[in-house]
Amino acid sequence: MQHHADWPHKPRTLARREVARSRLFAIEEMELKFSNGAERTFERLMPRGTGVDAVMIVAMPDPEHVLLIREYAAGFDDYVLTLPKGMVDPGEDIIGAANRELMEECGFGAHRLEPLVELSLAPNYMHHRMQVMLASELYPHRLPGDEPEPLIVETHAIEELSGLLAREDFHEARAIAALYIARDRLRESEMSPGFW
């Protein structure tokens, strides 16, 4: 096992500048010098904030099933099957954001929400962290959302992940990781009852 003392030092930042900005994104160019003397230019999406930027919800209407949504994904120009998710609004905590997104996207609230894992996406290019929440004790409650069209909500067995992976429309890495982690957590809770 390698210890922190053996790790290389973070590269020194020689210069930073914004090279592009759109309505949603800003791209920053970073000139870096590494501890071995190598210099490189990196580009990244500038961080939105210093905390968790978004939430993803593994919502379980019962101990065996999970809710997935079908939504249009502009990056693929196609519809994908994924977990409900969204941004944490300013002044909002993670639990409030998760419950709001669940109500907006699935039409359910959760009496019980607990943190499951924090995931990042493409850390070489962006500073984006997503807190995955496990939601149970669901109740019907819909809030208006910002989606351009109604989302289709599907119920799937959490033990049938191999079947989901065989589908062409289910491929988001964060959703896959979240479901496997949730499934393992649920298996552990079966050994120590109390989750449901």
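Residues are numbered from 1 along each chain as its sequence is written, and side-chain values use heavy atoms, with hydrogens and water left out. In this predicted model, local features require pLDDT of at least 70 and side-chain atom pairs count only at pLDDT 80 or more, while totals for chains, interfaces and linings use all residues.

Helices (H or I, at least four residues) and strands (E, at least two) are DSSP runs, numbered from the N terminus. An open sheet is formed by 3 strands in the order β6-β5-β10, with antiparallel pairing; two strands count as paired if DSSP finds at least two bridges between them. β6 (78-82) and β10 (152-157) are the edge strands, each pairing on one side only. From one strand to the next, the twist averages 30°. Strand β5 (residues 65-73) pairs with β10 over 6 bridges, and L68 has E154 in β10 as its bridge partner.

The interior is described next through its nonpolar cores, a core being a set of buried Ala, Val, Leu, Ile, Met, Phe, Trp, Tyr and Cys residues joined through side-chain atoms within 4.5 Å. Buried means under 20% relative accessible area, exposed over 50%, and partly exposed in between (1.4 Å probe, protein chains only). The largest core has 23 residues, and V58, L83, F170 and L179 have the most contacts inside it. Two or more residues come from each of β4 (54-59), β5, β8 (108-120), β9 (129-140), α2 (161-165) and α3 (173-191); α3 gives the most, with 6 residues. Leaving aside neighbours within four places in sequence, L179 is in contact (heavy atoms within 4.5 Å) with residues including V58, L68, L83 and F170. A second, separate core of 16 residues includes I57, A59, A97 and L102.

R174 is located in helix α3. Because its relative accessible area is 13%, R174 is buried. Not counting residues up to four places away in sequence, R174 touches M56, K85, L119, L121, H128 and M130.

R174 also belongs to the lining of the largest pocket, where F25, K85, M87, H128 and R174 lie nearest the centre among 42 lining residues. A pocket is an open set of points on a 1 Å grid over the protein atoms alone, where a 1.4 Å probe fits, with protein on both sides within 12 Å along at least five of seven lines; lining residues have an atom within 4 Å of a point. About 1,600 Å³ of space lies in this pocket, the volume being the space filled by probe spheres set on the points. Its lining takes two or more residues from each of β5, β6, β7 (85-87), α1 (94-106) and α3, and α1 gives the most, with 4 residues.

Notes: Axes fitted to C-alpha atoms, helices over the stretch in contact; angles between N-to-C directions.
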